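Open the viewer and keep the selection panel at hand. We will go stop by stop, and each stop says what to select.

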Protein chains: 2
Amino acid sequence: MNIQQNIRVAVDAIVFGYSRRQLHVLLIRQKFGLLKDRWALVGGFVQDHEPLSEAVQRELREEAGISVDYLEQLYTFGDDVHRDPRMRVVSVAYFALVHTEKYQLIADSDAEDARWFPIDELPPLAFDHARIIQTAYRRLQGKLSYQPIGFDLLPEHFPFSDLENLYCTILNTEIDRRNFRKKMLSFGILEETEHSAIQKSGRPGKLFKFNSLKYNDLKEKGFVFEIKFA
Amino acid sequence: MNIQQNIRVAVDAIVFGYSRRQLHVLLIRQKFGLLKDRWALVGGFVQDHEPLSEAVQRELREEAGISVDYLEQLYTFGDDVHRDPRMRVVSVAYFALVHTEKYQLIADSDAEDARWFPIDELPPLAFDHARIIQTAYRRLQGKLSYQPIGFDLLPEHFPFSDLENLYCTILNTEIDRRNFRKKMLSFGILEETEHSAIQKSGRPGKLFKFNSLKYNDLKEKGFVFEIKFA
DNA sequence: AAGCTAATGTGTAATGAATACGCAAATTAA
DNA sequence: TTAATTTGCGTATTCATTACACATTAGCTT
C-alpha cells in the first residue's frame, strides 16, 4: 500500500450544559496561531494509536478538565478542504452532555480559559465551528423528542418543572405542563424521591430522579420514548 | 503546527439496491494484498485536496461504474486501531441508495468483479465491513419510517404493491396493505400515472410515481413523513 | 361462458393516544 | 387572612391508528 496522504485527523467536542434555564456550549480560547484569542470548540489531533473516542476524552480532560456523561459521534466534517487554512484537516465531531453539577465547577474555574456560552450568545468562532455547533444543536433537539437524553443535563435530583423547562428552552416551544408530566411519568423511568424543593413561592414540589436501570430495561425491549408537543 | 501523524483517511460506501423482493448490497472483490479475493465494500483513500463526498463518488465510479441517487454520511469508524491490519485507517462510511434500473446494469456486467448480494446472504467480508453494513442496515430501517427514502430504491414508475413489499422486506414486518396505502397516499407525494402494471394474475394495478417537488415542498414546511406499523 | 383465484381499490366501525382544559392542594408574601 | 404562585391530579374531546369487510377487475381452468 503505497499511497502517500497529507491529511490530518482531528476530533472536536460540542459539550452542552444546562443552567439558569439556558442551554450552554463549552468553548475554549485559542492560545496560539493565526486564530489566537478566538473562541473554539474543545478538540485536537488524534494520536497514531489512539481510538477516536479516547482522543475526545483526552482533549476534554486536557483542555477543559472535565469528563462527560454522554458522548456520541455527531458527524465528520471533511468536505470543505480549507476548513483549517493551514492544512487539510478532517475532523470527527462528537456531541457531549454534562450534568449541571459538574457544570458549575468548570464555569467557576475560569483559569483555563474555558467558558460556557449560552447557545444564542456565541462569540465569533474559529474555523467552521459555528456550523458544527448548529449541527449539534439540531441533533440535540431531534434526540430529545425520542430519547430521554435530557437527564444528562440535569442534576441527579430535580423538580419536575426543571425538566419541563429544559424541554421548553431546548426545543424552543410551549408545553402543556400537565400533559408533559403525564406522558413523562408514563414511561416509568422516573422515581419520586423523599426530598422536596423549597421555593420562593408556591407549593413545594417533589424531587425526582432518573432511573437508568429501568430505562435500559425498556430500551432493550424496543420501547420508544417519543414525546411530542401540541 | 508540528504534529506528525501517521493515520490514513479512507471512505467506504454501503450501496443498497432492491430487486426480486430482496434488499441487496454492492460488494467488490479485493484484487490485491493480504485479503485478495475477499469481498469488500467499495472504498479507498481520500486524496489530499478532495472533499470526502467526492472521494466516495469517485470510488463508486472507478470501482463499480455507478453513480448513486442518494448519498449520506453514515458514521466514521476509527475506534478500532487495527481495523486494517496494515496500518491505522480512519474510514468515513457513506450510505447510498440506487434505483433498480441502474441496478440491473451493474448486476449483469460482472466483469469488474462487482456484485450484488442479498443482505441476508453476505459472503465473508474484509476488515470490519460486516459491522459497517449492519450499522448501515439499521440506519436504513430507521430512516424508512420517517422519510420517504424508499423511492430511491424503486424504478420511477411502480405499482403500489412493490412499495409495500419494499417496506415489508426492509423492515422485516407485516403491514396491513389497506392502511399502508391510505397513509402513504395521505402524504400527497405520490402521483398516479396513466399506466398500469400487467400481472400474471389478479386485477392490474395503476403505476405510481414519486413527486419529489411536492416532497421538498412539504419537507420545508416541517411536515413529518412518519409511517408506523401495527 | 361460467366459475375460480388472485390481486387491486375503497370504505367504515372500534380502539386508543394526544390534546385541551378545570380545579383542588400546599406553600410564601403582603 | 387573603392573594399569588406553583404543584399535582382528573376528565371530556378530538384525532389518528387499527382492524376489518367487500366490491372490482383481471387471468386461468374447465
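**Stop 1: where the two chains meet**

Select chain A and chain B. Across their interface, 19 residue pairs are in polar contact, both residues at pLDDT 80 or more. A polar contact is a pair of N or O atoms within 3.5 Å; within protein, one must be able to donate a hydrogen and the other to accept it, and residues adjacent in sequence count only if both atoms are side-chain atoms.

Now colour the side of chain B that touches chain A. Strand E1 (8-19), helix H1 (52-64), strand E5 (70-77) and strand E6 (89-97) of chain B each supply at least two of its residues. Helices (H or I, at least four residues) and strands (E, at least two) are DSSP runs, numbered from the N terminus. The largest share, 3 residues, comes from E5(B). By class, this side has 13 nonpolar, 9 polar and 8 charged residues. Here Ala, Val, Leu, Ile, Met, Phe, Trp, Tyr, Cys and Pro count as nonpolar, Asp, Glu, Lys and Arg as charged, and the others, Gly among them, as polar.

How many salt bridges join chain B and chain A? The count is 0. A salt bridge needs a side-chain nitrogen of Lys or Arg within 4 Å of a carboxyl oxygen of Asp or Glu.

A word on the model before moving on. This is a predicted model: local features need pLDDT of at least 70, side-chain atom pairs count only at pLDDT 80 or more, and totals for chains, interfaces and linings use all residues. Residues are numbered from 1 along each chain as its sequence is written, chains are lettered from A and ligands numbered from 1 in the order written, and side-chain values use heavy atoms, with hydrogens and water left out.

**Stop 2: the whole pair**

Zoom out. Chain B and chain A bury about 2800 Å² between them, 49% of it on carbon and sulfur atoms. Buried area is the accessible area (1.4 Å probe) that two parts lose on being put together, summed over both. In contact (heavy atoms within 4.5 Å) are 30 residues of chain B and 30 residues of chain A.

Superpose chain B on chain A. A rotation of 180° does it, with 0.0 Å of shift along its axis and an RMSD of 0.0 Å. The two copies are therefore related as by a two-fold rotation axis. Both copies use the same surface: 100% of the contact residues of chain B recur in chain A.

**Stop 3: DNA strand C**

Select DNA strand C and the 25 residues around it. "Near" means that a heavy atom of the residue lies within 4 Å of the strand. A:Arg178, B:Ser161, B:Arg181, B:Lys182 and B:Arg203 come nearest. This surface has 4 nonpolar, 9 polar and 12 charged residues.

- A:Lys183: a polar side-chain atom lies 3.1 Å from a phosphate oxygen.
- A:Lys200: a backbone N or O atom lies 2.8 Å from a sugar or linking oxygen.
- B:Lys206: a backbone N or O atom lies 2.9 Å from a phosphate oxygen.

**Stop 4: DNA strand D**

Now select DNA strand D, which 21 residues surround. The closest are A:Arg178, A:Arg181, A:Lys182, B:Arg178 and B:Arg203. What does A:Arg177 reach with a polar side-chain atom? A base nitrogen, 2.9 Å away. The side chain of B:Asn179 has an N or O atom 2.8 Å from a base nitrogen.

**Last stop: a helix cap**

Select B:Asn211. This residue caps the N-terminal end of helix H6 (residues 212-220) of chain B.

How values were computed
Least-squares fit on C-alpha atoms with pLDDT ≥ 70 in both.
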